[in-house]
Amino acid sequence: MRKIFSLFSIFSFIFLLFTSAAEAQLNFYFINVGQGDATYIELPNGKNALIDGGPTNKVIAQFLTEKNIHEIDYVVLTHPHSDHYIGLKKVFKMAKVKHFYDSKAENISAKGDNTVRDQAAQQGTQIHFPKIGSKLPWDKSVDIKVLNTCEHYIESRNNSVLNNCSIVLKFTYNGTSVLMMGDAETQAENGMILRFPNELKAYALKVGHHGSDTASSAPFLEKVRPAVAILSFGANNKYGHPDYYALMRLQAVNAKLYATQDGTQTLFLPAPSKTIPAAQPSVQVYNPEAQQPLLFDIATTPQPVKVNIPMMTEEQKAVKNKKSGRLLKSLDNLKNTGNERAASVDQPMLF
Ligand SMILES: [Zn+2]
């Protein structure tokens, strides 16, 4: 009897070991919410987070239901645009949210953002306005640094101003970083280059502003050098996201592109111990700085799909270039153009 009991204990121990191994990963789910953003995160300590809620109730509600989520430790609204906050209204109805992270940006042409803020207040959620350069204490094994936000009150109806208020977070776990850009555009990127010139390198980049041309400048991508770039946008959206040139700039730094329009994209960062297996088999091996090999799993449901870059005809390019007043004649000068723009047109936005 004692023998059977001790055998049972051993099995229980092994079971617990593997259960905690699964939890010891840092998991990102870039949810296919259509034209918008929502990223669900499972922290190694078992807590969870949601960055933005997408443009509708339906998708995020379905995601929470499927994953049986009734409580979220940390919810972030990167900035008050409807493609980021509408889903959060549903989230606050469906789940108990412990902490809510907000910028001090007020979108004066919208009311829904303040509905979310009211819901947070009514629920007794702790509300935070993080400061640039501060760290979020979500998990002691994960370094989470705030690289951008509007930490002082600003009201606007200008889309770019609000986009550049986006809370940008850099997650670093086990020597590997993921940069979550919200809708930050080039002005905010320039601010980050000035403030954090040596801290922008990241394995994965959740590309700013749905792959718009107003984000992902060449100088910024030179600093980030992402191996993997995740673009969140809806098929055939009216904004033309992602932009042809933005995709070219991402490809110029050899980023492998993934898109939420092809399905929810997942990125799992395994636990530090090599003896702890990743929850799912890796589909690619990455060796950061030629140190210890780490396994990553970035997969769609069911398989990763590369973004098809919309090819523009020469005629379309000419029209686009004329419209934006730029002098892009060939893909070869993309990098130079990015640098010129950074230096002459877009002044860094420092709050
Ligand atoms: Zn957006």
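Because the model is predicted, local features are taken at pLDDT of at least 70 and side-chain atom pairs at pLDDT 80 or more, while totals for chains, interfaces and linings use all residues. Residues are numbered from 1 along each chain as its sequence is written.

The protein contains ten helices and 17 strands, where helices (H or I, at least four residues) and strands (E, at least two) are DSSP runs numbered from the N terminus. Of the 351 residues, 44% are buried, a residue being buried if 20 or more other C-beta atoms, placed from the backbone, lie within 10 Å of its own. Among contacts (C-beta atoms, placed from the backbone, within 7 Å) between residues at least 6 apart in sequence, 69% join residues at least 24 apart.

Strand β1 (residues 26-30) runs antiparallel to strand β2 (residues 39-42), to which four bridges join it; strands count as paired if DSSP finds at least two bridges between them. Within this pairing, Phe 28 has Ile 41 of β2 as its bridge partner. Strand β2 is also paired in the antiparallel sense with strand β3 (residues 48-51), over four bridges, and here Ile 41 stands opposite Ala 49 of β3. Five residues lie between the strands in the hairpin of β2 and β3, in which Gly 46 adopts a positive phi near 95°.

In helix α8 (residues 244-252), the buried residues are Tyr 245, Ala 246, Leu 247, Arg 249 and Leu 250. After α8 comes Asn 254, with a positive phi near 65°.

Methods
A residue is buried if 20 or more other C-beta atoms lie within 10 Å of its own, exposed if 12 or fewer, and partly exposed in between; C-beta atoms are placed from the backbone. Two residues are in contact if their C-beta atoms, placed from the backbone, lie within 7 Å.
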